[in-house]
Number of protein chains: 2
Amino acid sequence: MTHTASATHRVAIEDDHLADGRAVRLQARSGRLQSPTAGLARGFVQANLAILPKGLADDFLRFCQRNPKPCPLLAVSDPGDVRLPGLGEDLDVRTDVPLYRVWKNGELVDEASDVRAHWRDDLVSFAIGCSFSFEEALMAEGIEVRHVAQGVNVPMYRTSIATRAAGPFSGPMVVSMRPLKAVDAIRAIQITSRYPAVHGAPVHIGDPALIGIADLSRPNYGDAVRVGADEIPVFWACGVTPQSVVAASRPEFCITHAPGYMLVTDLENHHLSVI
Amino acid sequence: MTHTASATHRVAIEDDHLADGRAVRLQARSGRLQSPTAGLARGFVQANLAILPKGLADDFLRFCQRNPKPCPLLAVSDPGDVRLPGLGEDLDVRTDVPLYRVWKNGELVDEASDVRAHWRDDLVSFAIGCSFSFEEALMAEGIEVRHVAQGVNVPMYRTSIATRAAGPFSGPMVVSMRPLKAVDAIRAIQITSRYPAVHGAPVHIGDPALIGIADLSRPNYGDAVRVGADEIPVFWACGVTPQSVVAASRPEFCITHAPGYMLVTDLENHHLSVI
């Protein structure tokens, strides 16, 4: 987050303009919000965004269906439709994310706060659940989320767990890690099991080597966090998995959100709880 | 289990006399069933039994209320009443367990298949949930329960986790341990969370030393089991806790089931599932 973005964020919060998902989207659409979305519209579901041409989108939809833990689909658009059913009445995927990335043949070709100039009638948008929702549920129960407490990004690791391939999409599962005391780990498994739409229960607990992670202090993405001697590393499937799988396939065209600049929806986190 | 008991058991199974809880109780009542109850009346809830004079029973009820994970109460009788509400229409706590133990001032004074001769009008009976129920749920999902696979008793350990005292009842929590691969441990936490009436979710996972267990290969009760290098020890609160707490209080009078000879009820295990 740049200094300018922070200032924008602070002013906007003071103006009470970013209290819900629609407010954040309207600010992003107008160009006034250019900051990451963590901490905005608390209680509202934020989503990863991937936009692909229809040919690839069909394969990608099958990939997500086969890998629901790393790729929990919140919504998929009709081809060419800029809306995402169920996520917001007036949502426009071309303008409502504060910062986008545009890719051609796997190369980053543009970073923009508006992708109307790149729009095509064959594009299909995918909104994929994000761990912000379950982290809010954990913190609401008094469980410390270490990377939030340390003010850094969650540590993420490529694993030896393979995803189930579909068309050109395949590759290793990426996981995020949160260290927890045993009783909190048990509770966190219960809590996140209620949220299958945002990665659900962990995919692994304990020994990192068993899923191909050599060194917890050297994450592949994000930042390392402190792990106490009385803590167990708990690993959740991560939304970086579809991002890295898409990037590895070098699609002829693709639009994504920029890391940390999420699509904020009208759904509330508690709506995702299944029990 | 003695050779004679095994033969009785086998004949009874062949005769299809032990297919449900009531059948097992009637066989026990008649004196024809003198074997442990593991494997009988599959699908029906089996319970630990503790019978105490009313003065102590009031304290013990508060103890159970304060320690629901080791002491999940399935039913408590009225003083002097030989029935247990909700566990079986014609249930008689004096005759329906295959083998009882009778204690005076903490000393074992009798082992009998019928305690009518010991009955008093001030006795209160407690039926406490047993891990057989959740183990059946684990195995139904394809999770290997190690001590069952090895044909031994579950390993149990005294811990540094204190129970909440009530009257003369206090002491350490006893836990049972089942080693599981990480994915099975996560699934087992989900499954057993549905069964709060039979100990519920684990109380600890991972490092045994954190709950005061020095050596997994030397359980305080039951038998040691193999723990694989890729497995995590998972610890559940155990029904031996109330037994050891009652024994430590050296009550003037007490009747319990003999270890392994449980009270079989008309409740079905799936009835205990809360979600």
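Which residue of β9(B) is the bridge partner of H204(B)? In the predicted model described here, the bridge partner of H204(B) in β9(B) is F235(B). Residues are numbered from 1 along each chain as its sequence is written, while chains are lettered from A and ligands numbered from 1 in the order in which they are written. Because the model is predicted, local features need pLDDT of at least 70 and side-chain atom pairs count only at pLDDT 80 or more, whereas totals for chains, interfaces and linings use all residues.

Helices (H or I, at least four residues) and strands (E, at least two) are DSSP runs, numbered from the N terminus; two strands pair if DSSP finds at least two bridges between them. Two bridges connect β8(B) with β9 (residues 231–237) of chain B in the antiparallel sense.

The twelve residues of α6(B) should span 16 Å at 1.5 Å a residue, and the end C-alpha atoms are 16 Å apart, which agrees; the expected span is 1.5 Å times one less than the number of residues. Buried residues of α6(B) include A182(B), D184(B), I186(B) and I189(B). A residue is buried if 20 or more other C-beta atoms, placed from the backbone, lie within 10 Å of its own, exposed if 12 or fewer, and partly exposed in between. The cover over the buried residues of α6(B) includes α6 and β8 of chain A, as well as α4 (132–140), β7, β8 and β9 of chain B.

The contact between the chains takes 15 residues from chain B and 15 residues from chain A, two residues being in contact if their C-beta atoms, placed from the backbone, lie within 7 Å. On the side of chain B that touches chain A, α6 (182–193) and β8 (204–205) of chain B each supply at least two residues, and α6(B) gives the most, with six residues. That side of chain B divides into ten nonpolar, four polar and one charged.

Chain B can be laid on chain A with an RMSD of 0.0 Å by a turn of 179° and a shift of 0.0 Å along the axis, by least squares on the C-alpha atoms of residues with pLDDT of at least 70 in both copies. The two copies are thus related as by a two-fold rotation axis. In chain B, the C-alpha nearest the axis belongs to Q190(B), 3.1 Å from it. The same surface serves both copies, as 100% of the contact residues of chain B recur in chain A.

Elsewhere in chain A, seven of the seven residues of strand β5 (residues 123–129) are buried, so β5(A) is largely enclosed by the rest of the structure. From β5(A), L123(A), S125(A), A127(A) and G129(A) point one way, and V124(A), F126(A) and I128(A) the other way. Strand β1 (residues 44–53) of chain A runs antiparallel to β5(A) and is joined to it by seven bridges, with I51(A) opposite S125(A). Three bridges join β2 (residues 73–76) of chain A to β5(A), also antiparallel, and V76(A) stands opposite F126(A).

Definitions and conventions. Nonpolar A, V, L, I, M, F, W, Y, C, P; charged D, E, K, R; others polar.
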